[in-house]
Amino acid sequence: MAKAELNTTLVALADRNRRAVVDLLKEQPRRAGEIASALSMTPPALSRHLRVLRRSGLIDEQGVEQDARVRIYRLRKEPFDQLREWLGGVESFWTGELAAFRDHVERSTGRRRGPGKR
Amino acid sequence: MMPPASDAVTVSVTVSTDPATAFVIFTEETDLWWRTGPKFRIGGKERGKLWFEPRLGGRFVEEFSSPSGPQAFTKGEITVWQPPERFRFEWRGMNFAPGESTQVEVSFEAVRRGRGLRCVTRAGRRCGRIILCVTGARVLNSFARRDFGGESR
């Protein structure tokens, strides 16, 4: 289940427009109109991206008492925690492989130079 | 903590050889530098062998022995091949489900002067920095098509 959610998060974030929406919502919850205006996006295009983000669980929406037409969008914490954990694992794995590569390069270039030539 | 709004990770390392040599070592001596052990190789304690087929469309393969005989696992395929500057391959980890993969882009560049590290090889060439960027954006594209009505990258 957790893996499926991570995949959904990754797919949702594969689109740069949706990443831009997430970047904006990192600062604070916002209305759709604010987001569309900040990103110079048409309301239908934004609506499509918000729908994907909502269905993938990255954001949720909340109504405003004073005006039933207004919806406030905010980030949900859980999928980003999961994403951070996955990215941490990926980073740790490849950092280790690159370190092993560097060590091998240092050893093999040392051998190529020959003893006493370093 | 701010959430990451990206599915990408970038790591880098600087080595004391020029980028062209680093490219060759990275792609032709993979088995010699890739970490060993069950966490890093399917073969576990049996070392087996790892290699890239050095061409566009080439595979990244691990060959290992098993009780039922020798087996080969394709870790990914090369999707960009531009020696000695960069190459990109699809990467599937041992624990990935069928259809899952990440993109790994590896670029090799000379270390620039005045940016912290001044490094020149014995041959007078500048050292290489290897930058490796992993993205999960294409994990389960089929999943994307199914869930988002055809909307994927």
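Predicted model: local features only at pLDDT ≥ 70, side-chain atom pairs only at ≥ 80, totals over all residues.

Colleague: Fine. How many helices and strands does chain B have?

Modeller: Chain B has three helices and seven strands. Going from the N terminus, its elements run β-α-α-β-β-β-β-β-β-α.

Colleague: And in what order do the seven strands sit in the sheet?

Modeller: The order is S1-S7-S6-S5-S4-S3-S2 in chain B, an open sheet with antiparallel pairing. Two strands pair if DSSP finds at least two bridges between them. Strand S1 (8–15) and strand S2 (49–52) of chain B are at the edges with a single partner strand each, so each has one side without a neighbour in the sheet. The twist averages 20° from one strand to the next; axes here are lines fitted to C-alpha atoms, for helices over the stretch in contact, and angles run from 0 to 180 degrees between N-to-C directions.

Colleague: How many bridges join S1(B) to S7(B)?

Modeller: Eight, with S1(B) and strand S7 (residues 128–135) of chain B running antiparallel. B:Val9, for one, has B:Val134 in S7(B) as its bridge partner.

Colleague: Which strands does H1(B) lie across?

Modeller: Helix H1 (residues 19–28) of chain B lies across S1, S2, strand S6 (102–110) and S7 of chain B, and runs at about 145° to S6(B). Contact means that the C-beta atoms of two residues, placed from the backbone, lie within 7 Å.

Colleague: Is that helix mostly covered or mostly open?

Modeller: Mostly covered, as seven of the 10 residues of H1(B) are buried. A residue is buried if 20 or more other C-beta atoms lie within 10 Å of its own, exposed if 12 or fewer, and partly exposed in between, with C-beta atoms placed from the backbone. Among the buried ones in H1(B) are B:Ala22, B:Phe23 and B:Phe26. For chain B with its 153 residues, 27% count as buried.

Colleague: What is B:Ala22 in contact with?

Modeller: Leaving out neighbours within four places in sequence, B:Ala22 is in contact with A:Val105, B:Val15, B:Thr17, B:Phe108, B:Gly128 and B:Ile130. B:Ala22 is also among the residues with the most contacts inside the largest nonpolar core, along with A:Leu53, B:Phe26 and B:Ile130. That core has 41 residues, a core being a set of buried Ala, Val, Leu, Ile, Met, Phe, Trp, Tyr and Cys residues joined through C-beta atoms within 7 Å.

Colleague: Which helix gives the most to that core?

Modeller: Helix H5 (residues 77–113) of chain A, with eight residues.

Colleague: Over to chain A, then. At what angle do H2(A) and H4(A) cross?

Modeller: Roughly 75°, and the axes of helix H2 (residues 16–27) and helix H4 (residues 43–55) of chain A come within 10 Å. H2(A) and H4(A) are therefore roughly perpendicular to each other, a label for angles of 65 to 115 degrees.

Colleague: Which residues meet there?

Modeller: From H2(A), A:Asn17, A:Arg18 and A:Val21 meet A:His49, A:Val52 and A:Leu53 of H4(A).

Colleague: What about strands in chain A, how many form a sheet?

Modeller: Three, in an open antiparallel sheet with the order S1-S3-S2. S2(A) and strand S3 (residues 67–75) of chain A pair over six bridges, and A:Asp60 stands opposite A:Arg74 in S3(A). H2(A) lies across S1, S2 and S3 of chain A, at about 95° to S3(A).

Technical notes. Residues numbered from 1 in each chain as written. Chains lettered and ligands numbered in written order. Helix = DSSP H or I, 4+ residues; strand = E, 2+ residues; numbered from the N terminus. Parallel < 35°, antiparallel > 145°, perpendicular 65-115°, else oblique.
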